[in-house]
Amino acid sequence: STFDGVTDKPILDCCACGTAKYRLTFYGNWSEKTHPKDYPRRANHWSAIIGGSHSKNYVLWEYGGYASEGVKQVAELGSPVKMEEEIRQQSDEVLTVIKAKAQWPAWQPLNVRAAPSAEFSVDRTRHLMSFLTMMGPSPDWNVGLSAEDLCTKECGWVQKVVQDLIPWDAGTDSGVTYESPNKPTIPQEKIRPLTSLDHPQSPFYDPEGGSITQVARVVIERIARKGEQCNIVPDNVDDIVADLAPEEKDEDDTPETCIYSNWSPWSACSSSTCDKGKRMRQRMLKAQLDLSVPCPDTQDFQPCMGPGCSDEDGSTCTMSEWITWSPCSISCGMGMRSRERYVKQFPEDGSVCTLPTEETEKCTVNEECSPSSCLMTEWGEWDECSATCGMGMKKRHRMVKMSPADGSMCKAETSQVEKCMMPECHTIPCLLSPWSEWSDCSVTCGKGMRTRQRMLKSLAELGDCNEELEQVEKCMLPECPIDCELTEWSQWSECNKSCGKGHMIRTRMIQMEPQFGGAPCPETIQRKKCRIRKCIRNPSIQKLRWREARESRRSEQLREESDGEQFPGCRMRPWTAWSECTKLCGGGIQERYMTVKKRFKSSQFTSCKDKKEIRACNVHPC
């Protein structure tokens, strides 16, 4: 197939005769080992296979074409229901609908889980085969075959087809990763194969443009031919028997709702010569549990030849391989089962073949069963998970195949429910750069803030990213210097003398002592000269004593003021010791106090207050 838009596969008319039966086997190779990039560990699976054998007038899907609604539902949801409905609507163009089970998880060893398979038939007009299955989870990615021609140019039927598969895009969703959110492609695009250069976020991306590693392999083998064949090389009896043997070994396609007896032995061949004839076997329909499901025929025919049509020894009796054992004759306890084989070649001399054609043996089904036990069908496939993301529920069902022998109600459960986990809701990965270094602190001293950033590297079309792109935190540097703070100057005092030369004073209070290297406090007392009047040369003795008493009181006041640390209008107690630091690291504080010891009654200042100092401590980082 070409990758530029169309399927380059000219389809010729078929000239083969009769019909051929094939078996399709699907081998998934998509695993974390083969495709490690972004592999979805929890929800990986292949959806149920859906397809059909059809004529060239009907196209299920093709490169360069547009996906039908059925193909879209398989590609996006893994649901084959609409696709099967579309195929059955083309009943004149379709011979067989092809269906096989889904696979959860996508890959397991073949000794743990057999590869899913399905059988189908082709004829001269409906000799093409197409199928698809979704790779899940994915936006709209699938694998499959389109219009695979099983008719040869020599008017025969292809013996075997082996094809490695790579995923293709249905053109209905624009997601680029396994678990991209739904993003419908509008307008719808054509179906195309995925490549390693589609998008850098693609799990198949390769900057060198190499080929995508195959994710699956499909094997289509011819297992039988029926009717008159017209290919150039005529069939011989061994070729006919080789075609028929696998078909007989297969139990059959009988629905589980149809209960039959075992097949009778094959009748004698209708031809007594080397011309082709027919032989027949029969079985009896015992019960039809579901009237809406038709039951196959009770007769089966097979081509054969008369005795003596082989080059082998005339007295040789050639037998086929044993056919698979029949089901046990009872649903519980000890019963019998049988198997058959047929005479592949009668003795050429006409003698009777004495080799046995049937064997029987005992069989045990559920030794602990009782007459009230019932026979159940196998469990059906699990339904789709009730949730498209996160936790949901899923169901599966089975039917009563045979009711209890004692006529009681069947107590076995016919449905099961269990939890299912789909991809996390809205878990689109944010591709982010590493965090930058922290910025400098917003201040040069004391408490501030610092920031760091990172960049969003993923594309905007991948969805909103809720991860934070900037972080802010506090930072602590050594405390800022605090300058000395003072009150305003007071009014000038009265002159200290009633006559002659004297002086007046004014003061101001310290509101904040300098801290952490701040500017020191300037002067807090100022004096200036004053003169009221000249003094009388010979004052009276009374005035002289008055003056001496006043000077004595003033000297006493000055002496009191000198006891302890001196402030205008009050005497303070010494500073207390520094308190313990409030933090061991990262910057704490310490405090000390000075309290008022005594306020002077004679002072005109009333602003004496207790004082407090604060300093930084343990500023080293934690």
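Which residue lies over the face of Trp263? Arg281 does, at 4.3 Å from the ring centre. The legends below describe a predicted model, in which local features need pLDDT of at least 70 and side-chain atom pairs count only at pLDDT 80 or more, while totals for chains, interfaces and linings use all residues. Residues are numbered from 1 along each chain as its sequence is written, and side-chain values use heavy atoms, with hydrogens and water left out.

**View 1. Charges over tryptophan rings.** Besides Arg281 over Trp263, the charged end of Lys394 sits over the ring of Trp104, 5.9 Å from its centre; a charge sits over a ring if NZ of Lys or CZ of Arg is within 6 Å of the ring centre and within 35 degrees of the ring normal.

**View 2. The pair of Tyr22 and Phe120.** The rings of Tyr22 and Phe120 are stacked, because their centres are 5.8 Å apart and their planes are at 20 degrees. Tyr22 belongs to strand 1 (residues 19-28) and Phe120 to strand 5 (residues 117-122), 98 residues apart, strands being DSSP runs of E of at least two residues, numbered from the N terminus. Tyr22, with a relative accessible area of 0%, is buried, as is Phe120 at 1% (buried means under 20% relative accessible area, with a 1.4 Å probe and protein chains only).

**View 3. The pair of Trp141 and Tyr178.** These two rings are edge-to-face, 5.9 Å centre to centre with 70 degrees between the planes, and both residues are buried.

Technical notes. Phe/Tyr/Trp six-rings, centres within 6.5 Å; stacked < 30°, edge-to-face > 60°. Helix = DSSP H or I, 4+ residues; strand = E, 2+ residues; numbered from the N terminus. Buried < 20%, exposed > 50% of the residue type's maximum accessible area, 1.4 Å probe, protein only.
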